[in-house]
Amino acid sequence: MSVAERTGPQPLLRVRGMSKRYGRRIGCADVDFDLYPGEVIGVVGESGSGKTTLLNCLSAQLEPSAGSLVYDTRERGPVAVFDLSEAERRRLLRTDWGLVRQNPREGLRMSVSAGANVGERLMAVGARNYGQIRGTAEHWLAQLEIAADRIDDRPGTFSGGMQQRLQIARNLVTRPRLVFMDEPTGGLDVSVQARLLDLLRRLVGDLDLACVLVTHDLGVVRLLAHRLLVMQQGHVVEQGLTDQVLDDPQHPYTQMLVSSILPV
Amino acid sequence: MLDIRGLAKSFTLHTQGGARIRALAGFDLQVTSGECVALTGPSGAGKSSVLRCVTGNYLAEAGSIRVRLGADWVEVIGAPARRLLELRRTTIGHVSQFLRVIPRVPTLDLVAEPAVAAGATRAEAEQRARRLLARLNLPERLWNLAPATFSGGEQQRVNIARAFAHPYPLLLLDEPTASLDAENRQAVIDLIDDVRRNGAAVLGIFHDREARAALATRHVSLAEGRAAA
């Protein structure tokens, strides 16, 4: 066994003491975790528990009040994300990271075609050959089960589920290693959710994507996440293997959450 | 393959006034390759809790659970999530009482998936999945359908096939023959016995006497969370 195998891979993202305060109100406080390549971590909790604040800090859209965020970049190895210039952070978000928002209209450009939505991110990283861009866009639309004859249509003509799949295609086209998702299946019909979950799970596995997945839906994390963080009032009150946290919850708040699921 | 010492587990029910239920206390068990240990004892004696503590599905509170991984022994209690997932991927096959899978995924893919996760190519994994499903008498017309609409017995066999999709050296079986008719029960018994004879260590709960008599090489009786004399 080599040294690398023995010690395992390095974390892709290392989060320590991440806190965000709004005056005296706590958004999130003292969050610590490591995320490894190919690992999906679910962040659950009720509305107002600080999930989205945490996601915004992790994805460098919100400057935390305290704490460190170290990302293992392809070119330079581990870097402190908030020591990067704003331009460098934006570049990270456009290339090595993806961000899937609950409302696809916020993550898409509604005034341009589906193909352009996907191609745009490629052009942002320097692609110039029109044929190649279109070919790659077609490939990713197909991966997300969007029919090729819709490539020139604007996202406004798509259903909610298709818009969400388009948003995901737009994010994956630059082959990111880390994707942040905020309630990706929220607001979709149940049957549409199942299809999207199935797709996401396959893609995450095939592309070896690491993922931070924020949701209040415990069914979604059971199917997608390897590990869970449970948040209450800005604090992580429990973390562990997903099935362990759901089947043998330790903290009173987690027990309350798990026991509140309606049986089907 | 498996070495459990002084295992303790209790549940504190915070939503029910902090009631405390003790499931296991000071439980010891060793299971070696090529044997099938049947856990016996009344409902609530802690049989399922033992299996769940071994997979890390339940958080054990004291003692030691060591599982052999290649040439090493891995301590399950306190292991990081990644280590537990690695154990499940490569070493521990587990038949739970219920099939819990993503909706919409065809049966053949579900059964091939654990082998792919353990490192097989897709073609190898699919071939193995086909052989298993045929051996478990699951009609071929069902293979390309998702199991959500299958009968209880059909779902159970999909669940079993997943636990045998890779030659795991340790198998944990929680009522593998429940809800099966006689013919299918026999197919499952034969499959488990073959795998054991080929060197797997098997730890199971079999309420079905016939299955237990056919499979167990040793019985361990549990009473109030301990191995009874």
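Tutor: Contact here means heavy atoms within 4.5 Å. The model is predicted, so local features need pLDDT of at least 70 and side-chain atom pairs pLDDT 80 or more, while totals for chains, interfaces and linings use all residues. Residues are numbered from 1 along each chain as written, chains are lettered from A and ligands numbered from 1 in the order written, and side-chain values use heavy atoms, without hydrogens or water.

Take B:Glu35, in the chain B loop between β2 (19–31) and β3 (36–40); strands are DSSP E runs of at least two residues and helices H or I runs of at least four, numbered from the N terminus. B:Glu35 has a relative accessible area of 14% and is therefore buried (under 20%; exposed is over 50%, partly exposed in between; 1.4 Å probe, protein chains only). Beyond four places in sequence, B:Glu35 touches B:Gln30, B:Arg196, B:Ala200, B:Ala201, B:Val202, B:Thr217 and B:Arg218. With B:Arg218 there is also a side-chain polar contact of 3.0 Å (N or O atoms within 3.5 Å, one able to donate a hydrogen and the other to accept it; sequence neighbours count only through side-chain atoms on both sides).

Now the nonpolar packing. The largest nonpolar core has 49 residues, and A:Val118, A:Trp140, A:Leu144, A:Leu166 and A:Leu172 have the most contacts inside it (a core joins buried Ala, Val, Leu, Ile, Met, Phe, Trp, Tyr and Cys through side-chain atoms within 4.5 Å). Helix α8 of chain A (residues 190–207) supplies the largest share of this core, 7 residues. Another core lies apart from it, with 37 residues, including B:Leu7 and B:Leu172.
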